[in-house]
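Please work through the following exercises with the sequence and the structure open beside you. Each task is followed by a solution that goes step by step.

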Amino acid sequence: MKYLKYMNQLLIFIFLTLIIGISIGPFLWVFFSSFKGNSEILSSVSGFPNGLKLKNYITAFQMAPLARFYINSIIVAIGGTLLNLVLLSMAAYAMARFDFKGKNSLKLLLSMALLVPGAALLQPLYITVKTTGLYDSLFGLVIVYAGFGLPTTLYIMMSYFLTLPKELEESAYLDGASFVNTFVKIILPVAKPAFSTAGVLQFLLCWNEFQFALTLTTGNNNRTLPLALYYFKSSFASDYGAMFAATVLVTIPSIIVYIALQEHVVSGLAAGSVKG
Amino acid sequence: MSHNKKWIVLFLLPAIILFSFVYAISLIVLIGTSFTDWSIGSSIHFVGIKNYIDLLRTPDFIKSILNTLIWIVLQSTIHIGIGVIFALILARKKWYFKMARTAFMIPNIISSAALGMLFLCVFNPQFGAVNNLIRLFGVKNFSHNWFMDPRTSFITVTLTWLPFAAVVAILILAEMASVDEGIYEAAKVDGASEFQTNIYVTLPMMKNIIGTATVLAATSMLQKLDIIMITTSGGPGNRTLNMPMFIYKTALSQNNFSLANTAGVYLIALGLISVVLINKIYGMGKSDV
């Protein structure tokens, strides 16, 4: 019995070590290599015989307009998150609180968004964005990303509004508050948890998105950070250190946001998936 | 509260416009043009179901369906299995609970493009960590191009997502947290070992959430484009070509819009079939009580 228990512990230890190793190993290896010179990378020496080098980071910023991409990514992520939260909290409130004709059909229609893989939308969205004059603009990306997060945010918001007691608004109405006033002054302040949960997920979606940023922009002016890796893969090919540094620069913000707001991400994932 | 009607409409309208812009118009364009011969700079004619038949005769497309299917099956089984085991281990809330969960989640929250780049570096034939390790353990001058060698490209691409089942684990852990502790204690009193409790008590209660996680994992395989573009672009040949990659190439490299959109309709159909099938297998939607 005791033998079996140790065996069990050993298997768990091996499984966890392996899984965690491949989860953070690649990032850590690239992170440490990003402080090495090209020759050290190629000869795969361990440690830092020539000291930590920040040179790779400077080179990365010189080789690709990373600063521009950073600013674009920040604008798109904040814009896409705000637009998504504002529009969908309004819709979720109306749908959670009031009965109207066609409500169920509307719910069904909006949840169809879950069944459409992004790749199927590649060409049609490209055409829509182009004809509306939003091609190669950050605003175009903001709208598209706000739409991609529609089902998740709507679901998180609606379930949260449904948990709020109706008395909350009734007393406000009795005091003569208007519809909009009630929503802004009474509902929004208590809905903070829903906003942070949906907001983190939406922010990560906008920050990380690649394929539509690729198809809906052209030229360096409106490209976002994940594209930097794709477009400069070949120019970085001769300078591995700079390539490592660029990869770290793209990855770090997501990791920081996740670690800081971890509990929200976790509860958001759990809430957002229990649709069916 | 009938004066609220105006406000209800005004509150719903922006979201409906957003939905129309991103989804509704796209779906109409997608399905409508799949029956035409639309490509860049030419006039459009109705061609019936010609595109649907042509695609089934295109070897690259068939290969892309097969690869997508294999990845769906692998993700629905091995990926889910890894997530379930991880959740069962973490459910014991040992000291490493939070640390392990955070670490496991990292590949899921960074950009797929960046994840692809990380693996491209790790598997690099010259300086990659994998080849370095193999050289360290004795195989002198070992050099293998993991991503571009036809023998290993498929498995190497698969490895960039198959093990990272943190989302599956988080879903199951959340569901486990809602289970009445008394059930576990009853099992303990009855003399069940931890392993027996997991198999006979916990897992059956997790059936629905595992089904939901399987749907998510399977449908995520219909979206994999960025990581493939960064690592292999579907190559060598069509070894790692999946449906999204096929659509991307057809639409944006060959500018054959109607054919790409027909492939898009197939992609949506495959998604619907997978969802229905997985629901059937797990008997979801039916109440057990």
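**Exercise 1.** Find how helix α9 (residues 181-189) of chain B and helix α10 (residues 194-205) of chain B are placed against each other.

Solution. The axes of these two helices come within 11 Å and cross at roughly 160 degrees, where axes are lines fitted to C-alpha atoms, for helices over the stretch in contact, and angles run from 0 to 180 degrees between N-to-C directions. Helices are DSSP runs (H or I, at least four residues) and strands likewise (E, at least two), numbered from the N terminus. Angles under 35 degrees count as roughly parallel, over 145 as roughly antiparallel, 65 to 115 as roughly perpendicular and the rest as oblique. Therefore α9(B) and α10(B) are roughly antiparallel to each other.

The next step is the handedness, and here α9(B) passes α10(B) in a right-handed crossing; a crossing is left-handed if the near helix is turned anticlockwise from the far one by less than a right angle, and right-handed if clockwise. Ile183(B), Tyr184(B) and Ala187(B) in α9(B) meet Thr197(B), Val201(B), Thr202(B) and Met205(B) in α10(B), contact meaning heavy atoms within 4.5 Å. These residues divide into five nonpolar, two polar and no charged, with Ala, Val, Leu, Ile, Met, Phe, Trp, Tyr, Cys and Pro counted as nonpolar, Asp, Glu, Lys and Arg as charged, and the others, Gly among them, as polar.

Before going on, note that this is a predicted model, in which local features need pLDDT of at least 70, side-chain atom pairs count only at pLDDT 80 or more, and totals for chains, interfaces and linings use all residues. Residues are numbered from 1 along each chain as its sequence is written, chains are lettered from A and ligands numbered from 1 in the order in which they are written, and side-chain values use heavy atoms, with hydrogens and water left out.

**Exercise 2.** Describe the secondary structure and the extent of chain B.

Solution. Chain B comes to 14 helices and zero strands. Its C-alpha atoms fill a box of roughly 80 × 75 × 35 Å, taken along the principal axes. Helix α14 (residues 257-282) of chain B, with its 26 residues, reaches 38 Å from its first C-alpha to its last, which is close to the 38 Å expected at 1.5 Å a residue; the expected span is 1.5 Å times one less than the number of residues. Just after α14(B), Gly283(B) takes a positive phi of about 60 degrees.

**Exercise 3.** Trace helix α1 (residues 2-33) of chain A against helix α15 (residues 240-260) of chain A, and then against helix α3 (residues 59-90) of chain B.

Solution. The axes of α1(A) and α15(A) come within 9 Å and cross at roughly 130 degrees, which makes α1(A) oblique to α15(A). The contact includes Phe27(A), Trp29(A) and Val30(A) of α1(A) as well as Phe244(A), Thr247(A) and Val248(A) of α15(A), and its residues divide into eight nonpolar, three polar and no charged.

Turning to the other chain, α1(A) and α3(B) pack at an angle of about 120 degrees, with their axes 11 Å apart, and that makes α1(A) oblique to α3(B). Here α1(A) passes α3(B) in a left-handed crossing. Ile12(A), Phe15(A), Leu16(A) and Ile19(A) of α1(A) make the contact with Ile82(B), Ile85(B), Phe86(B) and Ile89(B) of α3(B), and these residues divide into eight nonpolar, no polar and no charged.
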